[in-house]
Amino acid sequence: MQSSATVLVYSDDANTRAQVRLAAGRRPASDVPPVEFLECATLPAVLKELERGGIDVCVLDGEAAPAGGMGICRQIKDEVFRCPPVLLLIGRPQDAWLATWSRADAAVTLPVEPVEFADALASLLRKRLAVGA
């Protein structure tokens with residue numbers, strides 16, 4: 001198992017980024033490595049970090065402005081070679097179809113529910129790390 005996993009968290013709202021960090025904790029599940037968070041508040045910052053590489057999972061806020069996480073997800077799935085899996089934060093359960101349109105690998109609703117979020121993040125980390133092994 002690798003020593004840590006890097007999770008990129010995008011939201012224009014610092015409180016949403018804090019919810020993600022708190023919900024995941026240091027280690028979202030015992031069978032995945034501890035996570036290190038890389039926070040971004042703008043689309044250019046997200047693209048720069050993805051270009052740099054080393055991201056294991058992206059958590060994108062679908063309610064962010066001016067660039068929403070759904071549009072960013074669709075863009076990076078088209079443009080980033082071996083794009084990391086994306087966990088999309090959506091405003092309401094009815095928006096799940098939009099998460100599918102954006103090609104997100106998983107979606108959870110806001111406000112972040114810790115158990116649901118940690119389970120979804122751990123699942124994506126397991127898949128990503130299994131592929132990279």
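**Close-up 1. P66 in the loop between β3 (57-61) and α3 (69-79).** Helices and strands are DSSP runs numbered from the N terminus (helices: H or I, at least four residues; strands: E, at least two). The peptide bond that joins A65 and P66 is cis, with omega of about 5 degrees. The model is a predicted one, in which local features need pLDDT of at least 70 and side-chain atom pairs count only at pLDDT 80 or more, whereas totals for chains, interfaces and linings use all residues. Residues are numbered from 1 along each chain as its sequence is written, and side-chain values use heavy atoms, with hydrogens and water left out.

**Close-up 2. The cis peptide bond between L110 and P111.** Omega of this bond is about -5 degrees. P111 belongs to the loop that runs between β5 (106-109) and α5 (114-132).

**Close-up 3. R82, a residue other than glycine with positive phi.** The phi value of R82 is near 50 degrees. R82 is located in the loop between α3 and β4 (86-90). Because its relative accessibility is 65%, R82 counts as exposed; with a 1.4 Å probe and protein chains only, exposed means over 50% relative accessible area, buried under 20%, and partly exposed in between.

**Close-up 4. R103 in the loop between α4 (96-101) and β5.** Although R103 is not a glycine, its phi is positive, at about 75 degrees. R103 has a relative accessibility of 35% and therefore counts as partly exposed.
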